[in-house]
Amino acid sequence: MSLAVGVATSSKGMGFDDNKGDGEEGNPVSETKVNPDPETEEEDDDDAEAKIQLGPQCTLKELSEKDKDDESLRRWKEQLLGSVDINSVGETLDPEVKILSLTIKTAGRDDIVLPIPEDGNPKSPWFVLKEGSRYNLVFTFRVSNNIVSGFKYKNNVWKTGIKVDNTKEMIGTFSPQAEPYIHVMPEETTPAGIFARGSYSARTQFLDDDKRSYLELNYYFEIKKDWQ
């Protein structure tokens with residue numbers, strides 16, 4: 001199956017960068033399930049951001065029928081919609097995004113393909129990374145029904161009850177198509193040292209501008225001195 005490349009690029013991976021969290025408390029690491037307390041979690045700053053007003057949401061068929069005599073708008077719609085079959089999706093208002101795969105790629109090693117459980121709670125630990133290792137997170141997804149606007153990736157990480165990372169990255173706007181999109185995050189490096197090793201809890205979400213959640217994963221992972 002051919003893979004179409006996404007139209008935007010993010011700048012962070014699973015959640016380790018130079019800008020650490022504010023030390024706000026999450027849920028302590030345990031061996032059962034991940035359930036960070038929303039009362040202690042940092043307020044979502046989406047509400048504080050200036051949101052671009054795109055006008056009333058409409059179906060793809062309605063969009064295709066608008067302003068047919070406007071040449072510049074017609075070219076823009078052709079670029080946005082590509083080869084979308086309007087007859088198959090034109091009457092549906094809400095987009096649907098399905099995350100098909102999540103993979104951690106490290107040079108010189110086999111890919112770590114992460115199973116995505118239906119209940120959003122992967123078996124612990126979901127994966128193990130070696131300290132100081134370089135990796136990329138790669139995910140594939142399919143868009144159907146309508147255009148998804150402001151598709152974004154959010155990731156929060158806690159260690160021993162302290163939030164150590166809060167990442168939010170805009171991926172882009174995507175039109176429906178039969179082929180999956182593939183998105184490759186820039187290379188990241190896991191922290192190293194005795195204090196970096198251990199178990200981490202995390203919550204990963206895929207959302208859009210309307211705060212629709214297409215996937216939420218609550219899980220644990222480990223950083224060790226060597227690959228497991």
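Phe139 and Phe206 are both buried, where buried denotes under 20% relative accessible area, exposed over 50% and partly exposed the range in between, with a 1.4 Å probe and protein chains only. The structure is a predicted model, in which local features require a pLDDT of at least 70 and side-chain atom pairs count only at pLDDT 80 or more, while totals for chains, interfaces and linings use all residues. Residues are numbered from 1 along each chain as its sequence is written, and side-chain values use heavy atoms, with hydrogens and water left out.

A pair of aromatic rings is described by the distance of the centres and the angle of the planes. Rings of Phe, Tyr and Trp (its six-membered ring) were taken to pair if their centres lie within 6.5 Å; planes under 30 degrees apart were classed as stacked, over 60 as edge-to-face and the rest as tilted. By this rule the count comes to 16 aromatic pairs. For Phe139 and Phe206, the ring centres are 5.2 Å apart and the planes stand at 65 degrees, so the pair is edge-to-face. Because Phe139 lies in strand S5 (residues 134-144) and Phe206 in strand S10 (residues 198-207), this pair ties together parts that are 67 residues apart in sequence. Helices (H or I, at least four residues) and strands (E, at least two) are DSSP runs, numbered from the N terminus.

The pair formed by Tyr200 and Phe221 has ring centres 5.1 Å apart and planes at 5 degrees, and is therefore stacked. Tyr200 belongs to strand S10 and Phe221 to strand S11 (residues 213-224), so the pair ties together parts that are 21 residues apart in sequence. Tyr200 counts as buried because its relative accessibility is 3%, and Phe221 counts as buried at 3% relative accessibility. Lys159 lies over the face of Tyr200, at 5.6 Å from the ring centre; the criterion for a charge over a ring is that NZ of Lys or CZ of Arg is within 6 Å of the ring centre and within 35 degrees of the ring normal. Ring pairs also link a cluster that consists of Phe139, Phe141, Phe151, Tyr153, Phe174, Tyr181, Phe206 and Tyr214.

The chain contains 3 helices and 11 strands. From the N terminus on, its elements follow the order β-α-α-α-β-β-β-β-β-β-β-β-β-β. Of the 228 residues, 42% count as buried. The accessible surface of the chain comes to about 12700 Å², of which carbon and sulfur atoms contribute 48%; accessible areas come from the Shrake-Rupley method with a 1.4 Å probe, and for residues only the protein chains shown count as cover. Among contacts (heavy atoms within 4.5 Å) between residues at least 6 apart in sequence, 77% join residues at least 24 apart.

Five strands make up an open sheet with mixed pairing, in the order S4-S11-S10-S6-S7. Its edge strands are S4 (128-130) and S7 (162-174), each of which pairs on one side only; two strands pair if DSSP finds at least two bridges between them. The twist averages 25 degrees from one strand to the next, with axes taken as lines fitted to C-alpha atoms, for helices over the stretch in contact, and angles running from 0 to 180 degrees between N-to-C directions.

Strands S4 and S11 run parallel and are joined by 3 bridges. Within this pairing, Val128 has Glu222 of S11 as its bridge partner, and Leu129 has Ile223 of S11. Strands S10 and S11 run antiparallel, with 10 bridges between them. Leu207 stands opposite Ser213 in S11. In the hairpin of S10 and S11, 5 residues lie between the strands, and Lys211 takes a positive phi near 65 degrees.

Lys211 has this positive phi although it is not a glycine, and counts as partly exposed because its relative accessibility is 40%. A positive phi of about 75 degrees is likewise found at Asn145, which is not a glycine. Asn145 is located in the loop between S5 and strand S6 (148-159) and, at 21% relative accessibility, counts as partly exposed. A further backbone feature is the cis peptide bond between Ser124 and Pro125, for which omega is about -15 degrees. Pro125 is found in the loop between strand S3 (112-114) and S4.
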